[in-house]
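Let's take a walk through a protein together.

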Amino acid sequence: MDKNSIVKAEILSQALPYIQKYNNKIVVIKYGGNAMINEELKMNVINDVVLLSEIGVKVILVHGGGPEISGTLKKMNKESKFIHGLRYTDDETIDVVQMVLAGKTNKDLVKLIMQSGGNAVGISGIDNQLIVAKKHECEDDLGYVGDIDKINPNIILDMLEKGYIPVIASVGTDEEGHTYNINADTAAAEIAGALSAENMILVSDIPGLLFDKDDESTLIPLVHVYEVKGLEDKGIISGGMIPKVECCVRAIRQNVKKAVIIDGRIPHSILIEMLSKEGIGTMFKR
């Protein structure tokens, strides 16, 4: 037997305890960033999701699609406007958000999963009022930008029970039927919390939380929830990391076992995180 075959067998053997650990458990994966733009990385993510589903993990894929929304608005000669890092969403923009996220982006991901041998159904937070939203309140009016008021997870549980991978676009509606643009990290955290998931994984285009944001070798592999405030006070958690970390903390406080921020630019980072002792990125626990 050649050395490559022995190495592959050893890797599979080491993964066995993790395969057993996650069998029949719910894992919520939020997919975004550069891993969603680069075709090779996109297929790595899709193949990881399909493989996990095949070995008995109940995978839920939650996605955003900011670059595609911006691209569509540009084609319409409409400028994307951001306030405090959030997309200003007027009547015309929310129509585009719903069309792109719940339409093209969602169905493209479903097609890729099916082409890779998986079974997937694409829905949005609008379906069966999965995500009940309310207007995001802040000093500047952001239009149809929403916060999550409630998750109704029955439609997800039905899909998982029948062996499908739910692919969820991060839009929701309020009780009056207004559609809102929802941050995909927040949607993933609230869905994971509503289902008491085993793991929530935020796939992004950053290595994780760094002591020095300009030095990737300073990755912090593990953060306990009680350490977060101190890291914020020291400025280690700052800028765009604040909302991501807040989502992880929110998930943990809703009985999600662990939450992880990983780098989707690394091939098969999801499998490395879930099926190896070393893991990858920054893990948040109680």
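One word first: buried means under 20% relative accessible area, exposed means over 50%, and partly exposed is in between, judged with a 1.4 Å probe on the protein chains only. What you are looking at is a predicted model, where local features need pLDDT of at least 70, side-chain atom pairs count only at pLDDT 80 or more, and totals for chains, interfaces and linings use all residues. Residues are numbered from 1 along each chain as its sequence is written, and side-chain values use heavy atoms, with hydrogens and water left out.

You'll find Gly-279 in the loop between helix 9 (269-275) and strand 14 (282-285). Helices (H or I, at least four residues) and strands (E, at least two) are DSSP runs here, numbered from the N terminus. Which residues does Gly-279 touch, leaving aside its neighbours within four places in sequence? They are Ile-272 and Glu-273, where contact means heavy atoms within 4.5 Å. Ser-269 is 10 residues away from Gly-279 in sequence, and the two C-alpha atoms are 8.6 Å apart in space.

Now hop over to the loop between strand 13 and helix 9, where Ile-266 sits. Ile-266 has a relative accessible area of 34%, so it counts as partly exposed. Ile-272 turns up again, because Ile-266 is in contact with Ile-272 and Ile-280 once neighbours within four places in sequence are set aside. Ile-266 and Leu-41 are 225 residues apart in sequence, yet 7.7 Å apart in space, C-alpha to C-alpha. His-268 lies in that loop between strand 13 and helix 9 too, and at 33% relative accessibility it is partly exposed. His-268 has a positive phi of about 60° although it is not a glycine. Asn-24, in the loop between helix 1 (3-22) and strand 1, isn't a glycine either, and its phi is positive at about 70°.

Next up is the sheet. Strands of a sheet pair through backbone hydrogen bonds, either parallel or antiparallel. Two strands count as paired if DSSP finds at least two bridges between them. This sheet is open, has eight strands in the order 5-8-2-1-11-13-14-12, and its pairing is mixed. At the edges are strand 5 (120-124) and strand 12 (222-224), each pairing on one side only. On average, neighbouring strands are turned by 20° against each other, direction ignored. For angles like this, axes are lines fitted to C-alpha atoms (for helices, over the stretch in contact), and angles run from 0 to 180 degrees between N-to-C directions.

Zoom in on strand 11. Strand 1 (residues 26-31) pairs with strand 11 (residues 199-204) in the parallel sense over five bridges. Along that pairing, Ile-29 stands opposite Ile-201, and Lys-30 stands opposite Leu-202. Strand 11 also pairs in the parallel sense with strand 13 (residues 258-263), over six bridges, and there Met-200 has Ala-259 as its bridge partner. Why is strand 11 largely enclosed by the rest of the structure? Because six of its six residues are buried. Asn-199, Ile-201 and Val-203 are buried on one side, and Met-200, Leu-202 and Ser-204 on the other. Elsewhere on the sheet, helix 4 (residues 91-115) lies across strand 1, strand 2, strand 5 and strand 8 (165-169), at about 165° to strand 5.

Last stop: the largest pocket. A pocket is found on a 1 Å grid over the protein atoms alone, as an open set of points where a 1.4 Å probe fits, with protein on both sides within 12 Å along at least five of seven lines; lining residues have an atom within 4 Å of a point. This one holds about 1,200 Å³ of space, the volume being the space filled by probe spheres set on the points, which are joined across faces, edges and corners. Of its 42 lining residues, the closest to the centre are Gly-85, Leu-86, Asn-183, Ala-184 and Asp-185. Helix 8 gives the largest share of the lining, six residues.An unreviewed UniProt entry places a "binding site" at Gly-65, Gly-66, Arg-87 and Asn-181; the numbering is the one used here, feature names are shortened, and annotations may be inferred rather than shown by experiment. The lining of the largest pocket includes Gly-65, Gly-66, Arg-87 and Asn-181. At 10% relative accessibility, Gly-65 is buried, whereas Gly-66, at 29%, is partly exposed.
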